[in-house]
Amino acid sequence: MTTKIEFIDLKAQYADLRQAIDQRIQRVLDHGQYIMGPEVRELEERLEAFTSARHCITVSSGTEALLIALMALGVGPGDEVITTPFTFVSTAEVIALVGATPVFVDVEPDTCNMDADRLESAITSRTRAIIPVSLYGQVADMDDINEIASRHGGIAVIEDAAQSFGATYRNRSTCNLSTIGCTSFFPSKPLGCYGDGGAIFTNDDALARAMREIRVHGQERRYYHTRVGVGGRMDTLQCAVVLAKLDNFSHEIEQRILAGRRYADMLSPLAAVTQLAVRPDRTCVWGQYTVQVENRESVLEKLKASGIPTAVHYPVPLHRQPAYAASCRIAGDLSHAEAVARRVFSLPMHPYIEAATQKTIVNALAEAVE
């Protein structure tokens with residue numbers, strides 16, 4: 001009987017880390033502090049050490065992390081926030097939720113990250129923030145983006161690092177590369193919990209204080225509300241799960257990078273398959289292992305028939321989505337975003353994937369693109 005190929009194998013990870021995860025969960029069940037228990041601050045301290053950021057604020061999701069970041073910066077109606085149209089919807093969603101206008105600039109066709117060369121022309125007097133996305137596990141060109149933002153009066157830069165936690169950029173950690181970094185602990189992410197969760201990182205003391213207050217309904221202290229906030233806490237059980245996984249995380253990142261290199265080597269003979277470029281000054285942790293083909297729907301049908309699971313991240317760019325088409329501003333040509341949206345799809349990827357499994361996947365893909 002052929003073993004089923006998993007797109008993301010969380011069961012294998014749990015089998016490997018079962019004792020540590022169970023012990024962490026049991027500890028929370030024993031002390032009963034399910035909201036803001038001791039594991040919350042313990043995780044924040046561990047993540048501060050991991051990223052070298054001064055402050056980490058855990059929150060209820062990656063989306064909430066972006067929303068709280070914008071709220072702390074005071075972004076609101078009449079403001080513009082520049083981002084990419086080729087990302088998960090939450091990046092634009094939070095901009096709309098605070099009443100600001102999403103402004104879309106095109107992506108690099110070989111990395112699918114924001115094209116920093118197109119950024120400056122999108123900036124106006126209304127620009128209050130820039131949200132580059134570190135897509136598929138690779139950090140965007142953060143130094144160039146930061147330099148442009150600084151040159152235009154110190155515009156805040158929020159890295160959307162939902163898919164890149166654990167990656168490095170010029171020997172610095174993702175989430176500690178700009179004004180604010182945000183990540184997600186959604187189960188499928190490189191460092192995931194068993195529900196929803198996320199974190200915000202900053203080196204700015206005032207912003208950290210604001211974001212800590214916003215996540216608990218704007219409380220400075222119990223029942224004393226200094227600002228409008230949200231119910232954005234990450235619960236203690238989810239923090240416990242991430243703490244258990246964190247001990248093995250560096251090893252899992254190494255395995256992700258190794259698996260990515262194996263894919264790259266195996267796929268290199270396939271001229272019909274375009275791989276993403278990984279810039280030499282950064283690492284990619286492959287939140288998804290994404291490739292591009294011309295005849296995607298046909299290829300996906302053939303892979304499905306061969307028992308190979310796939311996913312498309314993302315089939316419709318945000319400026320084409322009904323919720324945002326009429327309310328966004330398009331800065332220049334977005335042809336690259338539209339082209340990659342038609343071509344991309346993701347192959348199975350996780351730290352526990354074996355070389356033999358990858359070979360099976362690539363052989364099926366080779367047949368599918370013939």
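How many aromatic pairs does the structure hold? I found 11 aromatic pairs, taking rings of Phe, Tyr and Trp (its six-membered ring) as paired if their centres lie within 6.5 Å, with planes under 30 degrees apart stacked, over 60 edge-to-face and the rest tilted.

**Ground rules.** I am working on a predicted model, where local features need pLDDT of at least 70 and side-chain atom pairs count only at pLDDT 80 or more, while totals for chains, interfaces and linings use all residues. Residues are numbered from 1 along each chain as its sequence is written, and side-chain values use heavy atoms, with hydrogens and water left out.

**Entry: Tyr314 and its partner.** I looked at the pair of Phe88 and Tyr314, which is tilted, with 6.2 Å centre to centre and 40 degrees between the planes. The pair links distant parts of the chain, 226 residues apart: Phe88 is in the loop between strand 2 (80-83) and helix 4 (90-97), and Tyr314 in the loop between helix 9 (296-305) and strand 14 (329-330). Helices (H or I, at least four residues) and strands (E, at least two) are DSSP runs, numbered from the N terminus. For burial I use under 20% relative accessible area as buried, over 50% as exposed and in between as partly exposed (1.4 Å probe, protein chains only). Phe88 counts as partly exposed because its relative accessibility is 44%, whereas Tyr314, at 13%, counts as buried. I also noted that the peptide bond from His313 to Tyr314 is cis, with omega near 20 degrees.

**Entry: other rings.** Phe50, Phe165, Phe185, Phe201 and Phe249 form one aromatic cluster. I then checked Arg221: its charged end sits over the ring of Tyr224, 4.0 Å from the centre. The rule here is NZ of Lys or CZ of Arg within 6 Å of the ring centre and within 35 degrees of the ring normal.

**Entry: the core.** Which residues have the most contacts inside the largest nonpolar core? They are Leu47, Ile82 and Ile130, in a core of 44 residues. A nonpolar core is a set of buried Ala, Val, Leu, Ile, Met, Phe, Trp, Tyr and Cys residues joined through side-chain atoms within 4.5 Å. Helix 2 (38-51), helix 5 (142-151), strand 9 (198-202), helix 7 (236-246) and helix 8 (249-267) each supply at least two residues of this core. Helix 7 gives the largest share, five residues.

- Asp141 and Arg282 meet at 2.7 Å, N to O. Asp141 lies in the loop between strand 4 and helix 5, and Arg282 in the loop between strand 12 (274-275) and strand 13 (289-292), so the pair ties together parts that are 141 residues apart in sequence. Both Asp141 and Arg282 are buried.
- Arg118 and Asp106 meet at 3.9 Å, N to O. Arg118 is partly exposed at 26% relative accessibility, whereas Asp106 is buried at 0%.
- Arg151 and Glu147 meet at 2.3 Å, N to O. Both lie in helix 5, four residues apart, about one turn of the helix. Arg151 is partly exposed at 44%, and Glu147 is partly exposed at 40%.

**Entry: backbone.** Where does Tyr136 lie? I found Tyr136 in the loop between strand 4 and helix 5. Its phi is near 65 degrees, a positive value in a residue other than glycine, and Tyr136 is buried with a relative accessible area of 1%. Asn171 also goes on this page, with phi near 65 degrees. Asn171 sits in the loop between strand 6 (168-169) and strand 7 (172-173). Is Asn171 buried or exposed? Asn171 is exposed because its relative accessible area is 78%.

**Entry: Ala368.** My last stop was Ala368, found in helix 11 (residues 355-368). Ala368 is buried, with a relative accessible area of 2%. Ala368 and Ser306 are 62 residues apart in sequence and 9.3 Å apart in space, C-alpha to C-alpha.

Key:
A salt bridge is a side-chain nitrogen of Lys or Arg within 4 Å of a carboxyl oxygen of Asp or Glu.
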